Amino acid sequence: LLAGVCILGLFFSSCATTKRYNYLKNIQGDTTITGLVSNDFESKIQKGDQLSIVVTSLSAEEDNQFNKAAAISTSPSLSGFAVAPDGTVLLHRLGRVQAAGLTRRELAAKIQKDLLAYMKEPIVNVGYLNHKVTVIGAVGKSQVMPMPEEQLNIFEVLVNSGDINPEGKKDQVMIIREEGNTKKVKHVNLEDKAIFNSPWYYIHHGHRCSILFTDNR
């Protein structure tokens, strides 16, 4: 039920002699790469998302009431505003507000406008609480990594996971995206500069994703 979850699996090679591959090894010197994929992706809020909605205004008392009211706990370690099956969130003062289908920025602007009747100069920040990347296998640190940013590129995920171990392969990376009832599979090569032009370069909210580093077995 967690939208935007990504699983990163890194598997060991069975070769007796391990080849130490470099990232982007076909970049021989100073160069300019054009045709990069856009990094301005904005995800749409989905039913089942768990949101952080924080309001600040010139009234500390109103702020406190809003930020605590209707915040529900969905697990021992996760609390926030749940997007209901009808796509709404239940907010203090405002009642049910449509959230699904909007970006975080659009929802923040809507709530901010609606709160003007109750607060002076409200500022609203909306964030995701349930979007994570699961990293396992031949990396320095296997972990379930929070994904606070709108999107991460594959190298940012690896850096946060301690990079690929020497035994892991960088040239046969399988990415599996779950979109609705379908799975899309793509093999990418982190040794090739073409990764910068690939729409699979970014891991972002809005679909489930698995990234697997294959072995030779």
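**Close-up 1. Asn67 in helix α1.** A helix here is a DSSP run of H or I, at least four residues long, numbered from the N terminus. Helix α1 covers residues 60-68, and Asn67 has its place there. The model is predicted. Is Asn67 buried, exposed or partly exposed? Asn67 is partly exposed because its relative accessibility is 26%. Beyond four places in sequence, Asn67 touches Ile53, Val54, Val55 and Phe81. Val54 is 13 residues away in sequence, yet the two C-alpha atoms lie 5.9 Å apart.

**Close-up 2. The largest nonpolar core.** This core has 20 residues. Leu51, Ile53, Leu91 and Ile111 have the most contacts inside it. Which elements each supply at least two residues of this core? They are β2 (50-56), β5 (88-91), α2 (104-114) and β7 (123-128). Look at Ile53: among its contacts beyond four places in sequence are Phe66, Phe81, Val89, Leu91, Ile111, Val124 and Val126. Asn67 and Asn125 are also in contact with Ile53. Another core, of 14 residues, lies apart from the largest one. It includes Leu24, Leu158, Val173 and Ile195.

**Close-up 3. The β5 and β6 hairpin.** Strand β6 spans residues 95-98 and pairs with β5 in the antiparallel sense, over four bridges. Val89 stands opposite Val97 in β6. Three residues sit between the strands, and Arg93 takes a positive phi near 75°.

**Close-up 4. Arg93 and Glu62.** The side chains of these residues meet in a salt bridge, 2.6 Å from N to O. Arg93 is in the loop between β5 and β6, while Glu62 is in helix α1. The pair links parts of the chain 31 residues apart. Arg93 is partly exposed, at 40% relative accessibility. Glu62 is buried, at 14%.

**Close-up 5. Glu191 and Lys25.** The whole structure has five salt bridges. In one of them, Glu191 pairs with Lys25, with the closest N and O atoms 3.4 Å apart. Glu191 lies in the loop between β12 (182-188) and β13 (202-204), and Lys25 in the loop between β1 (6-10) and β2, so the pair ties together parts 166 residues apart in sequence. Glu191 is buried, at 5% relative accessibility. Lys25 is partly exposed, at 42%.

**Close-up 6. Lys110 and Asp114 in helix α2.** A salt bridge joins these side chains, 3.8 Å from N to O. The two are separated by about one helical turn because they are four residues apart in the helix. Lys110 is partly exposed, at 34% relative accessibility. Asp114 is partly exposed too, at 31%.

Notes: Residues are numbered from 1 along each chain as its sequence is written. This is a predicted model: local features need pLDDT of at least 70, side-chain atom pairs count only at pLDDT 80 or more; totals for chains, interfaces and linings use all residues. Side-chain values use heavy atoms; hydrogens and water are left out. Buried means under 20% relative accessible area, exposed over 50%, partly exposed in between (1.4 Å probe, protein chains only). Contact means heavy atoms within 4.5 Å. A nonpolar core is a set of buried Ala, Val, Leu, Ile, Met, Phe, Trp, Tyr and Cys residues joined through side-chain atoms within 4.5 Å. Two strands pair if DSSP finds at least two bridges between them. A salt bridge is a side-chain nitrogen of Lys or Arg within 4 Å of a carboxyl oxygen of Asp or Glu.
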